[in-house]
Amino acid sequence: METTTAVTVAAAAMHKKAGSVGSGSDRSSMEREGSESDREGGKREVFVFFGWVYHLGVNSIGHEYCHLRFLFIRGKYVEMYKRDPHESPGIQPIRRGVVGLSLMVEDLGRRKVNHGDLYVLRFYSRLDETKKGEIACATAGEVQKWMEAFDLAKQQAEYELSRGGSARNKLSMETEITLEGHRHRVRRYANELKKLIRIGQGPEMLLSKSSSLGIGAGGNIGGDVGDAIEANEWKCIRTMNGIRIFEDVAESKMRKGVLVKSVGVVDACADTVFEVLLNLERQRRYEWDPFTSDLELVESYDGHYDVVYGTYDPKYLTRWQSKRDFVFSRQWFHAQDGTYTILQLPVADKKRPPKSGYRRTTLNPSTWEIRSINAPMGTNIAKCLVTQTLEIYEVGWTRWKNNHCSKFEKTIPYALMCQVSGLKEYIEANPSLKVQSSMAVVQSKVSDVSISNSEYEEKDVRDEFYDAISADSSSEEEESDDEEPNHKAKVRLKNVSWAIASLALKKSSDGVVPSIEALDHLDVVIGTNKDLDHNVTPATIDPSNFPGSLRKGKDDSDTNCWASPSGAGFMIRGKNYLKDNTKVIGGDPLLKLLAVDWLKVDEKIDRIALHPNCLVQSEAGKKLPFILVINLQIPARPNYSLVTYYASDRPVKKDSLLGNFVDGSDAFRDSRFKLIPSIVEGYWMVKRAVGTKACLLGKAVTCKYLRQDNFLEIDVDIGSSSVARSVIGLVLGYVTSIVVDLAILVEAKEESELPEYILGTVRLNRLTPDSALHFGA
């Protein structure tokens, strides 16, 4: 597939983004193109995304369709063609629209479409759920790139909306943008400089090579260290077949056995490795998987969760007297930093009782993590770090570790740990899986597919993109042979895994181990931000005036309570982050945590701060300069709301980063509202599912904002994302035994905004669902 982007972003921010859309030498040439002379000359740099996707929908007579379409994004405008406009000059789009500020994009995961697997993106308006549509991509990596493209287009729409005049006129204008206003990062951008980034293969390759796995470099580099400091202490105790074997030597009361992991570097992109791992095709798995190669799908519950049945003949491993079978679930996530996580747990499934002649065995709980690694400058080599973690019983493990007992090499854990080695050698032996397809980066003053100002002035662009793709599908049914001879409507897909060259890796890791240099920045982080007005006498905050339904804990051993930890457990962007990507240990939160409400609700509740019984409406609450209300809406049976209240003792300065966030647009808030999770104590599988990487919540789930009087409320609808629903479902299963820390902050993207600081933290200590207070509307 091919892809390209369009948007105006800051020079510093652009360099990071450029690092995620080029590869090797392409990346460096892109950075040179946005030179200082261009920026100083007041020009605006334009990016364009384009590529092949599948448009999914239901036609006027109720039949589902899946049409191969060419999607084109330039700025805030989106067009859909039946053919590639590069190869068919003058062709008119069949759909056209703009990306509106209320557009939300959700990754629905894998779905069977015409007997093939596709990765589906859903578009909808958070203001009108009837406005929606779906497209599908070949790989999960492509989904990530399209989500980034639409996010950048949304930023372009936001910028134009802030330029003055009526909202409709601003969304309809395509004249040269006056780069002024409060968004300083836009001011640096070049004018009329268009960049087309070609990625992947055309439709002929997509259909004719549907059985081949994806190739190319993929994903963003996230670094092996997250944004929260973990308690694991990994020690390398063996090397086996070129793979390092680690043991977690840290004490943990939440484990039944020993936690071990095997780690290896694979010469392929993360997208490719992910596709190989998820592929259940027997002949392919026979080539690398020494244990779970005879697999078949039992059921797929959503795009990110399925149940798999497998059998195993003991003659290849042990002295078992009978054959074995097993059932396990797979749950996978694709993080915002490009990292793939796959959780595998043994399950009991009534649809698959033990097979005649087989004995049911239980597989060890395990996880896979696939993270891209930066390629050396000037090369097109794609690499990723593959980590398999599993929990095994301590019996036998200690003897094998100390004496290399041969009996361990005939066990299921050993066979599982060999999978990383088999995967590495399999990809090494199949060059087609690791060869990066050609990717042309065209830099031109005039684009052959650029859309002129007059075109948009003459045409009706009132509809937003999700309206356009969900409009009446009559035009989709007009598939004539002379118009589209090679791509008729009745496309049959089989084992869809296509070749794609992904966007390039980030310039460097997003997280680093705390160093002496990083600690030197700590004094800068603590207490030096200028987001509060220090000319105003601080107000007195008495926590006793703000009782919440969840009580504050007495100490670390207390349960079903909350606490407010320091920021020392989190890593945030330091003063020189834009230059060296260094992160530093967080300081004390800017805002004070007043109270926490743990509520049980029949339906999700927005605008909770307006409820007369809310502490924001109390006399004490009205006297505070500023209150930040975070309402985490948790989907379950029943639904829950976890509401945290943070307050400042001084007013927020209007021209500060926090001031821009509090009084800014929803699109700006979506692009900056960041949460860092950390499971301090809990089952290791839950830790892997939640992770430790920062998440921009506005891009992952639907967030609604209410700014009134002296408060800002953020309603976070976790149920709006299937991935988030899956994670929270797993967490709720262990919620009574886990301790979780959360940090919220406004992401700093400009040098003037650095260093970052933590707005607020909360520790939730072993919550009890039944203790939630019922809250009526």
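The model is predicted: local features need pLDDT of at least 70, side-chain atom pairs count only at pLDDT 80 or more, and totals for chains, interfaces and linings use all residues. Residues are numbered from 1 along each chain as its sequence is written, and side-chain values use heavy atoms, with hydrogens and water left out.

**Overall make-up**

- The protein chain has 23 helices and 32 strands. Both are DSSP runs numbered from the N terminus: helices are H or I with at least four residues, strands are E with at least two.
- Of its 777 residues, 60% count as buried. Buried means under 20% relative accessible area, exposed over 50%, and partly exposed in between, with a 1.4 Å probe and protein chains only.
- Among contacts with a separation of 6 or more, 72% join residues 24 or more positions apart. A contact means heavy atoms within 4.5 Å.

**Strands and sheets**

- An open sheet of 5 strands runs in the order β20-β31-β30-β26-β27, with antiparallel pairing. Strands β20 (561-563) and β27 (695-696) stand at its edges with a single partner strand each, so one side of each has no neighbour in the sheet.
- Two strands pair if DSSP finds at least two bridges between them. Strand β20 pairs with β31 (residues 760-765) over 3 bridges, in the antiparallel sense. There, A563 has R763 as its bridge partner.
- Elsewhere, 6 bridges join β6 (residues 116-125) to β7, and these strands run antiparallel. F123 stands opposite G133 in β7.
- Strand β7 (residues 132-137) has 5 of its 6 residues buried, so the rest of the structure largely encloses it.

**Nonpolar cores**

- In soluble globular proteins, nonpolar side chains tend to be buried together.
- A nonpolar core is a set of buried Ala, Val, Leu, Ile, Met, Phe, Trp, Tyr and Cys residues joined through side-chain atoms within 4.5 Å.
- The largest such core has 66 residues, and W146, F150, V273, F274, I370 and L423 have the most contacts inside it. Helix α4 (residues 140-161) gives the largest share, 8 residues.
- Beyond four places in sequence, I370 touches residues including A270, V273, F274, L277 and Y340.
- A second, separate core has 64 residues, including F333, W562, V716 and L754.

**Helix α12**

- In α12 (residues 419-428), 7 of the 10 residues are buried, so this helix is largely enclosed by the rest of the structure.
- Its buried residues include Q419, L423 and Y426.

**Cavities**

- The structure holds 11 cavities of 30 Å³ or more. A cavity is a set of points on a 1 Å grid over the protein atoms alone where a 1.4 Å probe fits but cannot get out; lining residues have an atom within 4 Å of a point.
- Grid points are joined across faces, edges and corners, and volume is the space filled by probe spheres set on the points.
- Its lining has 17 residues, with T292, F328, Q344, S366 and Q419 nearest the centre.
- Strands β14 (323-334), β15 (340-346) and β17 (366-373) each supply at least two lining residues. Strand β15 gives the most, with 3.

**Residue Q633**

- Q633 sits in strand β24 (residues 626-634). Its relative accessibility is 3%, so Q633 counts as buried.
- The C-alpha atoms of Q633 and I605 are separated by 7.7 Å, though these residues are 28 apart along the chain.
- Leaving aside neighbours within four places in sequence, Q633 contacts residues including K604, I605, Y640 and V716.

Technical notes:
On a 1 Å grid over the protein atoms alone, a cavity is a set of points where a 1.4 Å probe fits but cannot get out, and a pocket is an open set with protein on both sides within 12 Å along at least five of seven lines; lining residues have an atom within 4 Å of a point.
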